[in-house]
Amino acid sequence: METLLQLWNEWEIHLLVLLSFTLQIFLFFAGSLRPRNTNTFVRLSIWLAYLGADIVAVYALGFLSRQQDNITGKGTLGETHPLAFFWAPFLLVHLGGQDTITAFAIEDNNLWLRHLLNLTAHVMLASYVFWKSTGWHNLHLLVPGIFMFVSGIIKYGERTYALKCGSLKNTEGLPPRGNEMQPPELNRGDMYADIIGFALRSAPVVRNFFAGCNLVQFMAANADYMCMFGELDGRQLLLKIEIGMIYDDLYSKAMVLRKRICLIFRCLSQVSAIVAFVLFIVSNKHMHSGADIAVTYVLFIGGFLVEFCAVALVIMSPWTWGWLKSRKCHKLARMCWFLLSKNIRRLENRMVWPNSMGQYNILSYAGLEQSWFSRQTKMLIRVTTNIFGATKERQLWISKLLDSKNIQVDREIMQIVTQYVDGVHTELVSDGSGRPYQPWPNLHPVLEKLQSLSMDDFGLVIVFMHALTEVHLRSSYDPPGDMDALVGICRKLSNYMLYLLITHPEMLPVTGSVETTLEYFVSKATEYGDGGKDVSLQGTRKLLEDLMDLHVIQPSEDTLQEIRDFWLRLLLYAAGRSRGETHASQLAVGGELLTYAWLLMAHLEMGDSWPRRIELGHATGTMGPDIAYVFPKKSGGHHTR
């Protein structure tokens with residue numbers, strides 16, 4: 001045991017430094033995978049690596065600081081591995097993070113001042129350790145160490161500045177400054193080039209919209225470019241690129257690397273590292289062990305390889321192509337476009353932004369449709385509730401964990417959402433008032449009942465309409481038939497809206513507790529169940545027939561199309577009322593279909609921030625703006641909200 005402990009003490013600093021470097025390698029490559037991967041294990045691994053990378057690097061610095069006072073004694077770190085103190089600047093480089101991930105969540109950007117304080121403390125600690133352990137008596141390490149310190153401080157400063165730039169609170173609502181890369185003019189030729197050019201030109205507008213700024217004056221200054229949006233081909237691809245660019249600005253060093261002064265410092269950092277490497281190669285290393293020298297070479301060469309990959313990512317950036325294009329560097333621009341266009345074509349063929357849509361079914365919450373594991377777990381939770389008094393919020397959290405799932409967003413869903421937004425926009429701009437009310441010939445009586453039942457609670461609208469959709473689809477289109485594709489779309493949209501209500505209520509215009517809304521529905525369904533004790537599918541159907549006249553809905557293709565369109569209308573209403581900050585936060589986990597609809601509506605000047613918007617029902621006294629309504633017009637009588 002003593003031998004193992006002695007071995008650990010001797011090689012502890014080597015393992016810490018190599019672990020810190022390994023975590024940085026993982027973060028560099030995993031950071032680019034994060035937007036398009038919804039796997040829980042992958043996300044958990046990235047989160048642990050993101051937190052652990054700083055912890056390991058700081059602990060290693062602390063370990064060195066404890067050893068620096070004993071650098072001459074027998075068996076001490078200074079006597080056995082004097083080169084270990086040369087690794088302190090490398091730990092600063094590691095604390096500077098990677099270009100592909102600076103923030104794990106949007107809140108990290110708002111804490112940039114804390115990171116600035118950490119920068120100051122860690123630089124002082126590393127300087128103290130290196131100076132005390134090296135000093136003037138060891139010039140062959142002192143000089144390259146100083147150059148590595150320059151590189152480490154710049155890298156750490158880049159990360160802190162990237163967090164500051166990524167904070168939406170620092171959005172100024174102005175076009176790019178003079179020291180940033182400027183987008184090229186649109187030439188209306190190649191479709192891909194037009195899309196990239198438009199995305200670069202509209203980037204400040206998109207960022208301001210995510211920040212929740214008032215864009216009326218800003219849009220007026222860019223009216224020529226924004227008017228071209230309706231004429232562009234490939235708008236789905238454009239929105240993917242715009243969302244990807246705002247993700248890079250918020251969660252990576254992309255915005256920093258567009259600034260001229262930051263590029264100069266980046267070049268200085270690389271030159272300093274190269275000079276340090278050359279000086280280390282030519283220095284006298286006979287007094288150092290082979291293991292120490294090998295670790296040092298790994299840190300140098302591995303760092304250079306990572307930086308080479310980072311440069312390749314910068315070259316493939318739309319901003320780099322735009323910068324070269326605007327400065328008439330045609331040969332370099334063509335080389336950059338060769339790489340960029342391949343990346344764009346992959347993006348066009350790949351479902352990303354969003355890459356998945358969540359699904360949650362009310363029957364799972366009520367206990368009617370669960371996996372065996374979910375049923376057994378919830379049975380255990382009920383026992384725990386009786387013993388310890390667990391809250392309903394905790395039970396809902398367990399249900400979300402066990403019963404929520406993600407499915408791939410297919411092209412058909414994206415196309416339907418895009419076409420429906422275009423259709424509503426056409427209605428609103430066709431004349432003075434557009435067509436504010438949908439006729440809903442098949443769903444009209446049901447929607448009138450739903451409107452009177454839950455008009456003031458959007459959460460109840462989602463829950464009751466979701467239950468109605470599920471019961472109708474199960475009872476009228478099971479087994480599947482010719483309309484199976486349309487049934488699947490209706491179910492996906494219904495489950496997605498309930499998923500948003502359960503997991504991301506902050507993205508929806510809901511008030512009150514989600515748990516209370518669900519419990520209200522379950523208690524009502526229980527009253528109509530067998531014996532009034534448990535929820536059943538038949539009891540749910542009786543509830544909907546009694547409260548919403550479910551029995552008047554006739555199964556047909558027209559009915560399914562209306563159910564689909566009603567869910568799309570609800571999706572657009574929710575998107576128009578959502579806040580940009582919540583969408584920015586969701587980009588860290590792959591984005592939502594709601595974000596796509598919200599950004600598309602923003603380009604078409606639709607939503608609560610614009611004159612054209614969507615409301616649930618008619619509000620007395622509403623004048624001026626062009627409004628489309630979700631619910632049908634009341635057929636006679638006095639309507640009250």
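**View 1. Helix α8 bends at S202.** In this predicted model, helix α8 spans residues 191-210 and bends by about 50 degrees at S202. A proline, P204, follows within four residues of the bend. Of the 20 residues of α8, 19 are buried, so the helix is largely enclosed by the rest of the structure. After α8 comes G212. The phi of G212 is positive, near 80 degrees.

**View 2. Strand β1 is covered on both faces.** In a regular strand, side chains alternate between the two faces of the sheet. Strand β1 covers residues 356-359. S356 and G358 lie on one side, M357 and Q359 on the other, and all four are buried. Strand β2, residues 405-408, runs antiparallel to β1, and four bridges join the two. Opposite G358 stands N406 of β2.

**View 3. The largest nonpolar core has 128 residues.** F458 and M497 have the most contacts inside this core. Helix α22, residues 484-503, supplies the largest share, 12 residues. A second, separate core has 47 residues, including I13, A60, W87 and V123.

**View 4. M497 and its contacts.** Which residues does M497 contact, leaving aside its neighbours within four places in sequence? They are F458, I462, L508, W567, L570, L571 and A574.

View 5. A disulfide is a covalent bond between the sulfur atoms of two cysteines. A search of the whole structure finds zero disulfides. C329 counts as partly exposed because its relative accessibility is 27%. C490 is buried, with a relative accessible area of 0%.

Methods. Residues numbered from 1 in each chain as written. Predicted model: local features only at pLDDT ≥ 70, side-chain atom pairs only at ≥ 80, totals over all residues. Heavy atoms only, no water. Buried < 20%, exposed > 50% of the residue type's maximum accessible area, 1.4 Å probe, protein only. Pairing = 2+ DSSP bridges. Bend = angle between axes of the 7 residues up to and from the residue. Disulfide = S-S within 2.5 Å. Core = buried A, V, L, I, M, F, W, Y, C linked by side-chain atoms within 4.5 Å. Contact = heavy atoms within 4.5 Å.
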